[in-house]
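Please look over the sequence and the model below before reading on.

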Amino acid sequence: MYTKHAWHVATAALICAAPFGLAHSASAPAAFPTKPITIIVGYAAGGGNDVLARVVGERMASNMGQPVIIENRPGVASIIGANVVAKAKPDGYTLLWGASGPISFNPALYSKLSYKPEDFTPVSLAATFPLVLLTQANNPAKTVKELVDFSIKSPEKANYGASAASFQLVSELFNSKTGGKFTRIPYKGSNESVAAVMAGDVTMTLVDPGPASTALQGNRAKALAVTSAERMADYPNVPTLSELGIDLKVELWSGVLAPAGTPEPIIRKLEQEIARAVADPEVKKRIQALGMVPTSNTSAEFTKIIQQEVPLWKKVAKENNISAD
């Protein structure tokens, strides 16, 4: 099994006391699976989560001897796909390829969701990724402190690019933790946010490693920090925010969730198969090529992550009046 990747969120996170979507204790079928498994992806084909689901699903199918069908149900911040799985029969044959967005961020952003996190039993993570703090290559600020000081002295000139509400929430948490005065400028995608940084249209962006890499390789932007607990292997000279004394550790994730009530033996079997797939050297290589860290964990560990994240992002959204309604 791939070594469990250390998981952190900002220490302001509160632990939910309410029970999550626990697995049902009923016995699983003697053999599982005995027919194809469908994994619902709430994003369009060709995107990072879709590619990741197909890479892991392909290896799971090979290992289990049953097809794993990837079904795309894109739209509305992945709400459509999540809703399908929340209402599916809890037998292990319909699963959600979940991400931080629909599970941890959407409850903070939508006052009325057709599902709730407790409608799922988390099975296992498959990959995580931190965010990279980018600014223009010729920006005078050489450190995060200098960049934040600039925003405090000249708030009318300081802003950040965010392509989705989830990135906005992380950026506002950054403002809260540093005293920064960066104002949001919305963009349609991460690539657009990075392009705006390179052009000097925005002061900074907190973005996933994939879009950041092209700009960094071309020396058109510079990375001042990463949001992970440890430095990234690809950027060993870039400090973490924690190293700089900023109490903010955030890593976004992708993983598999089952409908609440799925029998515990089936959850255990799926948990083991995801770990086995992610541990495969070729699978790990393909995940790393997406700018992600291959990882796996237990259902209990995955559940705890979500229980920490949901109240944190609800708090940030409320304090900053952020809503997707």
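In this predicted model, D119 has a relative accessible area of 18%, and because the limit for a buried residue is under 20%, D119 counts as buried. D119 lies in the loop that runs between α3 (100–109) and β4 (120–130). Leaving aside residues up to four places away in sequence, D119 touches A86 as well as A258, P259 and A260.

V256, which belongs to strand β10 (residues 251–259), is likewise buried, with a relative accessible area of 1%. The table sets the two residues side by side.

| Residue | Location | Relative accessible area |
|---|---|---|
| D119 | loop between α3 and β4 | 18% |
| V256 | strand β10 | 1% |

With residues up to four places away in sequence again left out, V256 touches L95, L96 and W97, then P122, V123 and S124, and also I274 and F302. Although V256 and I40 are 216 residues apart in sequence, their C-alpha atoms are 9.6 Å apart in space.

The pair of helices comes next. Two packed helices are described by the distance between their axes and by the angle between them. For helix α6 (residues 190–199) and helix α7 (residues 209–217), the axes come within 9 Å and cross at roughly 30°, which makes α6 roughly parallel to α7. The crossing of α6 and α7 is right-handed. On the α6 side, S190, N191, V194 and M198 meet P211, A212 and A215 of α7. Sorted by class, the contact of α6 with α7 has five nonpolar and two polar residues, and no charged ones.

Notes. Residues are numbered from 1 along each chain as its sequence is written. This is a predicted model: local features need pLDDT of at least 70, side-chain atom pairs count only at pLDDT 80 or more; totals for chains, interfaces and linings use all residues. Side-chain values use heavy atoms; hydrogens and water are left out. Helices (H or I, at least four residues) and strands (E, at least two) are DSSP runs, numbered from the N terminus. Buried means under 20% relative accessible area, exposed over 50%, partly exposed in between (1.4 Å probe, protein chains only). Contact means heavy atoms within 4.5 Å. Axes are lines fitted to C-alpha atoms, for helices over the stretch in contact, and angles run from 0 to 180 degrees between N-to-C directions. Angles under 35 degrees count as roughly parallel, over 145 as roughly antiparallel, 65 to 115 as roughly perpendicular and the rest as oblique. A crossing is left-handed if the near helix is turned anticlockwise from the far one by less than a right angle, and right-handed if clockwise. Ala, Val, Leu, Ile, Met, Phe, Trp, Tyr, Cys and Pro count as nonpolar, Asp, Glu, Lys and Arg as charged, and the others, Gly among them, as polar.
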